[in-house]
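Work through the exercises below with the sequence and the model open. Try each task before reading its solution.

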Amino acid sequence: MNLNILWFLLIAVLYCGYFFLDGMDLGVGMLFPVLGKKDKDKALMLRAIGPTWGASEVWLLTAGGATFAAFPGWYASMFSGFYPALFLLLLGLIARGIGVEYWGKAATAAGKKLASVCITVGSLLPPLLLACALANIVQGIPIDASQNYTGTLFTLFTPFTLAAALGSVAFFLYHGAVFTDLKAKGDITGTMPVIKATGLAAIVLAAAAAVFALLQTDVFTKPVAAVAAVAGIVLLIVSYLVTIKKPTRLSMILNALVIACGIGTVFGGLFPNVMISSTDPANSLTIYNTASTPYTLTIMLTVTISVLPIVLLYTIWSHWSFRKLRDDKSSENQGDNGEREEAVY
């Protein structure tokens with residue numbers, strides 16, 4: 001395995017980590033107006049993600065940084081082609097951060113409502129836009145011989161990319177509802193109907209996206225992608241059947257495997273390409289014509305091997321330390337209007 005392939009796989013792993021960890025936070029954020037009927041419920045939901053949501057977001061920044069350093073040509077074409085979508089993504093991440101940090105500090109009902117809107121909209125945009133972008137990368141977009149995107153914003157919307165984007169939103173709603181149910185331990189009502197509805201929607205939309213991918217792309221000509229797609233849908237169905245009886249940690253493990261299969265489908269279907277040109281296959285970007293020098297890739301690998309274990313250990317420690325939703329002290333201090341949640345994070 002050469003360095004180009006290794007970095008391609010490492011970037012896929014980073015996206016798996018981001019979608020699993022921040023996927024829980026995004027799902028909770030999207031469900032903020034649905035499950036957070038009272039301020040006390042909203043405070044409980046924020047407390048569930050409060051200690052870790054910022055660290056989870058770092059996985060996306062790291063994936064973007066690794067793409068920039070390892071495959072600068074890929075990074076340049078992707079950001080120029082998807083600039084409006086990525087700009088909206090950035091605004092969404094900023095809005096979510098503001099909402100999470102200031103919801104408990106808002107002194108008026110209008111302030112809390114504005115923070116709630118920031119949390120919900122800011123949590124909706126990442127799964128919607130990232131899934132749409134990844135689907136476009138797999139499907140192919142107009143790229144000229146200079147590796148420049150030549151389409152428009154509307155070029156990015158096709159039945160396949162829309163099904164993938166909506167399926168992503170449905171899945172992370174389901175993922176967030178399961179996480180909320182496990183964390184809240186019955187303190188928030190109405191999680192099970194949401195789990196049933198969003199889980200079923202995720203299955204239907206994932207199947208629709210797979211059908212469109214079969215008809216409109218050649219992703220399933222790659223055995224790895226075909227196996228990963230089928231395994232992902234099967235695991236999602238198993239997760240749904242397990243979870244509608246009673247959400248458990250097994251539900252989260254199955255969801256993690258579903259995410260890994262989804263990323264495996266995208267990266268397995270692309271390899272060795274990183275962006276497919278619908279104008280001329282010869283213009284496609286690959287892990288070889290967009291890569292940094294072997295010296296740069298080697299230096300990056302050395303740094304990654306040194307730092308990644310520390311990051312993984314810190315991630316595990318932080319989630320273990322905050323595995324309980326609240327401690328006795330914070331429960332006693334929690335008012336009905338949620339004014340004390342900032343004391344926890």
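**Exercise 1.** Decide whether valine 204 is buried or exposed.

Solution. Step 1: take the cut-offs, where buried means under 20% relative accessible area, exposed over 50%, and partly exposed in between (1.4 Å probe, protein chains only). Step 2: valine 204 has 52% relative accessibility, so this residue counts as exposed. Helices (H or I, at least four residues) and strands (E, at least two) are DSSP runs, numbered from the N terminus. Step 4: from valine 204 to methionine 300, 96 residues along the chain, the C-alpha atoms are 41 Å apart.

The model is predicted: local features need pLDDT of at least 70 and side-chain atom pairs count only at pLDDT 80 or more, while totals for chains, interfaces and linings use all residues. Residues are numbered from 1 along each chain as its sequence is written, and side-chain values use heavy atoms, with hydrogens and water left out.

**Exercise 2.** Find which salt bridges arginine 96 forms with aspartate 22 and with glutamate 57.

Solution. Step 1: apply the rule that a salt bridge is a side-chain nitrogen of Lys or Arg within 4 Å of a carboxyl oxygen of Asp or Glu. Side chains of opposite charge can pair when their charged atoms come close. Step 2: count them; the rule gives two salt bridges. Step 3: in one, aspartate 22 pairs with arginine 96, with 3.0 Å between the closest N and O atoms. This pair links distant parts of the chain, since aspartate 22 is in helix H1 and arginine 96 in helix H6, 74 residues apart. Step 4: arginine 96 also meets glutamate 57, at 2.5 Å from N to O. Glutamate 57 belongs to helix H4 and arginine 96 to helix H6, so this pair ties together parts 39 residues apart in sequence. Step 5: check burial. Arginine 96 is buried, at 2% relative accessible area, and glutamate 57 is buried at 15%.

**Exercise 3.** Describe the span and the packing of helix H4.

Solution. Step 1: the expected span is 1.5 Å times one less than the number of residues. Step 2: H4 covers residues 53-70, and its 18 residues reach 26 Å from first C-alpha to last, close to the 26 Å expected. Step 3: list buried residues of H4, among them Trp53, Glu57, Trp59 and Leu60. Step 4: with contact meaning heavy atoms within 4.5 Å, the buried residues of H4 pack against helices including H1 (3-30), H6 (83-102) and H12 (294-321).

**Exercise 4.** How many disulfides does the structure have?

Solution. Step 1: look for pairs of cysteine sulfur atoms within 2.5 Å. Step 2: a search of the whole structure gives zero disulfides. Step 3: for cysteine 132, the nearest cysteine sulfur is that of cysteine 16, 20 Å away. Step 4: the sulfur of cysteine 261 has its closest cysteine sulfur in cysteine 16, at 9.0 Å, which is too far for a bond. Step 5: cysteine 132 is buried at 10% relative accessible area, and cysteine 261 is buried at 14%.

**Exercise 5.** Which form, cis or trans, has the peptide bond from phenylalanine 271 to proline 272?

Solution. Step 1: recall that most peptide bonds are trans. Step 2: this bond has omega near 0°, and is cis. Step 3: proline 272 sits in the loop between helix H11 (249-270) and strand E1 (273-275).
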